[in-house]
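Welcome! Please take a look at the sequence and the 3D structure shown here.

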Amino acid sequence: MSVGQIFKIHSDFYYVNSQNQHFECKLREVIKKQKQKVLVGDFVEFNNGAIEKILPRKNFITRPAVSNIDQVIIVSAVKEPELSFTQLNRYVSFAKYHKIPAILCFNKNDLSENDKIIEKVFSIYEPLGYDILFTSAIEGYGLEEFKNILNNKTSVLCGASGVGKSTLISAVSGVNLRTKDVSEKTGRGTHTTRHCEIINLDENSRIVDTPGFSNLKFDFLLPNEIDSMFEEIHFYKPSCKFPDCLHINETDCAVKANIGKIDETRYESYISFVEEAKSYKEKLKNQGVKKETSQKNTHEKVAVKISSRKRESARNTKKQNIYKDIENADYD
């Protein structure tokens, strides 16, 4: 049995790197029946082209779907497409939710002549403790600092389409990844990367190229959980009158009392995410929260659960056998 890491998934094929050799593998049926979500970055046991077991993960994120990473590098464009603070706050909050360190990288710095954007970025995110990096993959600006951040880590790049993730990776890895210009009609990037893929920079440094996306939503959390992803808002929460305060319309809210100390774009993003979470809360009220899974954990082992239909069938058979035993019993 060999151990390796999945570096790419395409259709039903899983490409595994083991001791610097690449293997094309398929999943064993038992893993499919368990309906385990297999991710790029998973370490696996495999034999003769068949993945036998998914090894425990140290962490994972669901969008993009990657596991066993050390840091998230959130790539935004200073211009083309225009910098969206709401979108940036989505990625920052998402990384915080998964408890994975985030670094903010602002690419295409050569296209911007607006120093106020750069000043605003530093004024918002530097006090929150985020490392901030400005690069230009075309001109080579900031690439040495970018390489140093990647050293001895597995890093995943995330960001909208067209911000230059693939160009940055090509610049530091020597791998020529496909790129495309931002659409003149929409002002937005177009998808060039179609799937997640781990690219080895050296023996100890890896970078994950990911598809761009823009429809990430916080429709999987409850409204009162959102403030935990905003440090400057969560700081004032203990002083609010109500423990479930949403910091929007409530009375005696410490956040509202200190609203001048919170950046406007951050607070607007917070309200937007709370509204998305309200939709999730409403959905839970209408549909209930219980969801039956297809597997169970027993003594640290994962076993496939019998479907409810088969369980019911088994119960009926058991009852019928009992009735037969009663009918056939020989009474004195």
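## About the model

This is a predicted model, in which local features need pLDDT of at least 70 and side-chain atom pairs count only at pLDDT 80 or more, while totals for chains, interfaces and linings use all residues. Residues are numbered from 1 along each chain as its sequence is written, and side-chain values use heavy atoms, with hydrogens and water left out.

## The cavity

The whole structure has 1 cavity of 30 Å³ or more. A cavity here is a set of points on a 1 Å grid, over the protein atoms alone, where a 1.4 Å probe fits but cannot get out; lining residues have an atom within 4 Å of a point. The largest cavity has a volume of about 50 Å³, the volume being the space filled by probe spheres set on the points.

Its lining includes Ile 61, Tyr 91, Phe 94 and Leu 216.

## Aromatic pairs

There are 14 aromatic pairs in the whole structure; rings of Phe, Tyr and Trp (its six-membered ring) pair if their centres lie within 6.5 Å, and planes under 30 degrees apart count as stacked, over 60 as edge-to-face and the rest as tilted. Phe 230 and Tyr 270 make an edge-to-face pair, 5.7 Å centre to centre with 80° between the planes.

## Charges over rings

Lys 26 lies over the face of Phe 13, at 4.6 Å from the ring centre (NZ of Lys or CZ of Arg must be within 6 Å of the ring centre and within 35 degrees of the ring normal). The charged end of Arg 57 sits over the ring of Phe 60, 5.7 Å from its centre.

Key
On a 1 Å grid over the protein atoms alone, a cavity is a set of points where a 1.4 Å probe fits but cannot get out, and a pocket is an open set with protein on both sides within 12 Å along at least five of seven lines; lining residues have an atom within 4 Å of a point.
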